[in-house]
Amino acid sequence: MITENKQQICDALAETLKLTRNCEDIIRIEYNPNTECALICFKNADPIPANVACDSGTALIRDIMRRLP
């Protein structure tokens, strides 16, 4: 069974989103294992929290994508 590294998934997702017109100003996505929250950080906007509690890697990606403007 593979152990998912949620911060690594967030890092890869942030890099992918930077390639898009809508999210080119993303700086990073920070995963906090204590709160099970991902914080989507932008250059010129307030960070957006995403609740990713009990998520698999693919569910984490879906939850983050739902929170994007």
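Of the 69 residues in the protein chain, 33% are buried. This figure, like those that follow, comes from a predicted model. The accessible surface amounts to about 4,700 Å², and carbon and sulfur atoms hold 53% of it. Along the principal axes, the C-alpha atoms occupy a box of roughly 35 × 20 × 15 Å. The radius of gyration is 11 Å, in agreement with the value near 11 Å for a compact globule, because the comparison is made for a chain of 69 residues.

Turning to the secondary structure, the protein chain contains two helices and three strands, arranged along the sequence as α-β-β-β-α. The three strands make up an open sheet with antiparallel pairing, in the order 1-2-3. Strand 1 (26–32) and strand 3 (48–51) each have a single partner strand and stand at the edges, so one side of each lacks a neighbour in the sheet. On average, neighbouring strands are turned by 20° against each other, direction ignored. Six bridges join strand 1 to strand 2 (residues 37–42) in the antiparallel sense; among the paired residues, Asn32 has Cys37 of strand 2 as its bridge partner.

Helix 1 (residues 6–17) lies across strand 1 and strand 2, and runs at about 165° to strand 1. Helix 2 (residues 57–67) lies across strand 1, strand 2 and strand 3, with an angle of about 145° to strand 3. Over the whole protein chain, among contacts with a separation of 6 or more, 29% link residues 24 or more positions apart.

How values were computed. Residues numbered from 1 in each chain as written. Predicted model: local features only at pLDDT ≥ 70, side-chain atom pairs only at ≥ 80, totals over all residues. Heavy atoms only, no water. Pairing = 2+ DSSP bridges. Helix = DSSP H or I, 4+ residues; strand = E, 2+ residues; numbered from the N terminus. Axes fitted to C-alpha atoms, helices over the stretch in contact; angles between N-to-C directions. Contact = heavy atoms within 4.5 Å. Rg over C-alpha atoms; globule rule 2.2 N^0.38 Å. Buried < 20%, exposed > 50% of the residue type's maximum accessible area, 1.4 Å probe, protein only. Areas by Shrake-Rupley, 256 points an atom, 1.4 Å probe, with all protein chains shown as cover.
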